[in-house]
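The following note sets out a reading of the structure shown below, in numbered points. Please keep the structure in view while working through them.

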Amino acid sequence: MMKRTILGLLALTSLAWLSGCSSAGPVNAWEKGNLAKPGMTFESDPLDQRFTQHIYGSKENSSGGYGVGGGGCGCN
Amino acid sequence: MSTHNTPPSQQSATGVLLASLLLPGLASLAALAPATSAAETAPEKSTIAVKYGSYSDSQPGWDRIKATAPQVYVQAPIAGEWSIEASGVADNVSGATPYAHTQKSGASSGGKLGMSDERKAGDVKITRYMARSAISASVAYSTENDYKSTALGLDARWSSDDNNRTWTLGFGAASDTIDNTASGINTAINEHKNTQEFMGGITQVLTPADIVQFNLTRGVGSGYFNDPYKSYDLRPNQRDTWIALARWNHYLEPFDASLRTSYRYYSDTFGVQSHTVGLDWVQPVGKLTLTPGMRYYSQQAANFYFDPVLNAQGQYDAFGTLMRVVGLKGYKSADQRLAAFGAVTLSMKLAYAITPDTVVDFKVETYRQSADLYLSGKGSPGLDPFNAQFIQIGLTRRF
């Protein structure tokens, strides 16, 4: 059940991606007000991101992809 | 709020830049910058943020690790064209981890039972802002009882004339030393690991309500990758990675809300491939912002991970597993983190703006990892499911 829900969300996300891309075109400066809102930032809270990514990196094999320059740890 | 009919001269060009020039790592720091700052403009105000994180995990019948992590972050403008950022964290970790698979017993075999450790880490980043570009350099250092890491990072970003597109290039390198002789375990004596990362990215404004980002990262690592606290652990001394990250943020005007989505594909020379999907709904309600979120992760097993031997009742057979290990040639690992599994995180964040420059936040997350959540069928057998809870309380102040 959980996996079906997840797969459904994946499909919805993919559709949303496609619909977003289909309407792509030049966007003028005066049309970007909503893009400047805090909720539209890709990462809204650096300390939050570091804390959670540090946890995932210590409990899963995969880590990284969000930036460069971070160090390692002997995390358990 | 629509701004379609607003003259360009009345637009917040800097705010637009902030949205369109976001970068990994740097983007996160920009979020704490004043709302009027842009990626190519030094912040006008200084920022200080503190956060207290708490973490605990468990599997059935066993509370494993507890950790606390107070963090601090500061950012200050310098001479209008520069900024300096610094952060620090002091993790305090205690508890126990399995010696193999999800087995609690076997402390004498090297399992990290009853461990307690403190990690202190800090980093400093300096950024130079120019008309349509910015360059950053950073250093980071982390130290704990048995592990030290030194890292540096360089990245550059520049934007198109219409600010609809931003390119990013980044390089990072880390040099780590692993040594647990101080704890008397002596399974890793003056071992070293070096990694380099190369990243390229592009951020594109698609529509007045859509911004997307794609990053590709290549990692090259060599040295000591074993876990010195696991039994039967012998890993290759080279691990190279490819990571692709795609993110899409969509603004929903009827709700004044933002939907943040992300997908990450990861592949390494251990034979692990993983998929990570993130969804966050950012809903402002007056001075309050609610952000419910979900993350799904699934990875296949490393090609040298071995399953445990189970008895007729499906329970862990320690002797049988040992016999299996004896028969294995070459690389091997019984580390749960190299198995095939899936994981789901549900989160809720509340942020309240006491004033425009002072924000308090609270976030709670619950995480479950199990073979049943593996994306394509059943994951690795014989592992107990794993649960964790993360809580964060923070305060951000600009002045």
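1. Two terms are needed first. Two strands are said to pair if DSSP finds at least two bridges between them. Helices (H or I, at least four residues) and strands (E, at least two) are DSSP runs, numbered from the N terminus. With these terms, strand β6 (residues 147-159) of chain B pairs with β7(B) in the antiparallel sense over 13 bridges.

2. On the origin of the model and its labels: this is a predicted model, in which local features need pLDDT of at least 70 and side-chain atom pairs count only at pLDDT 80 or more, while totals for chains, interfaces and linings use all residues. Residues are numbered from 1 along each chain as its sequence is written, and chains are lettered from A and ligands numbered from 1 in the order in which they are written.

3. The confidence values deserve attention. pLDDT is the predictor's confidence in each residue, from 0 to 100. Chain B averages 88, and 87% of its residues score at least 70. Residues 1-39 of chain B stay under 50, although the model has 111 contacts beyond four places in sequence for them; a contact here requires C-beta atoms, placed from the backbone, to lie within 7 Å. Residues 107-112 of chain B are also below 50, with 18 contacts beyond near neighbours in sequence. Where pLDDT is low, the predicted coordinates should not be read in detail. For the complex, the predictor gives an ipTM of 0.88 and a pTM of 0.87.

4. A residue is buried if 20 or more other C-beta atoms lie within 10 Å of its own, exposed if 12 or fewer, and partly exposed in between, with C-beta atoms placed from the backbone. Buried residues account for 51% of the 76 residues in chain A and for 45% of the 399 residues in chain B. Among contacts in chain B between residues at least 6 apart in sequence, 58% join residues at least 24 apart.

5. The neighbours of β7(B) can be followed strand by strand. β6(B) and β7(B) form a hairpin with five residues between them, and Asn163(B) in that turn has a positive phi of about 60°. Within this pairing, Ser149(B) stands opposite Asp176(B). β7(B) is joined to β8(B) by 14 bridges, and these two strands run antiparallel. Gly170(B) stands opposite Met199(B) in β8(B), and Ala174(B) has Thr195(B) as its bridge partner there. The covered face of β7(B) includes Gly170(B), Ala174(B) and Asp176(B), while its uncovered face includes Trp167(B), Leu169(B) and Phe171(B).

6. The pattern continues beyond β8(B). β8(B) and β9 (residues 210-223) of chain B pair in the antiparallel sense over 14 bridges, and they form a hairpin with two residues between them. Thr207(B) has Asp210(B) as its bridge partner in β9(B). Thr203(B), in β8 of chain B, counts as buried because it has 26 C-beta neighbours inside 10 Å.

7. Most residues other than glycine have a negative phi, and most peptide bonds are trans. Asn186(B) has a positive phi near 60° and Asn190(B) one of about 50°.

8. α2(A) is mostly covered, with ten of its 14 residues buried; among them are Leu47(A), Phe51(A) and Ile55(A). The expected span of a helix is 1.5 Å times one less than its number of residues. The 14 residues of α2(A) should therefore span 20 Å, and the end C-alpha atoms are 20 Å apart, which agrees.

9. A nonpolar core is a set of buried Ala, Val, Leu, Ile, Met, Phe, Trp, Tyr and Cys residues joined through C-beta atoms within 7 Å. Of the 39 residues in the largest such core, Ala301(B), Ala302(B), Tyr305(B), Leu338(B) and Ala339(B) touch the most other members. Elements giving two or more residues to this core include α2 (46-59) of chain A and β1 (47-59) of chain B. β2(B) gives the most, with four residues. A second, separate core of eleven residues includes Ala36(A), Leu206(B), Ala209(B) and Tyr251(B).

Key: Two residues are in contact if their C-beta atoms, placed from the backbone, lie within 7 Å.
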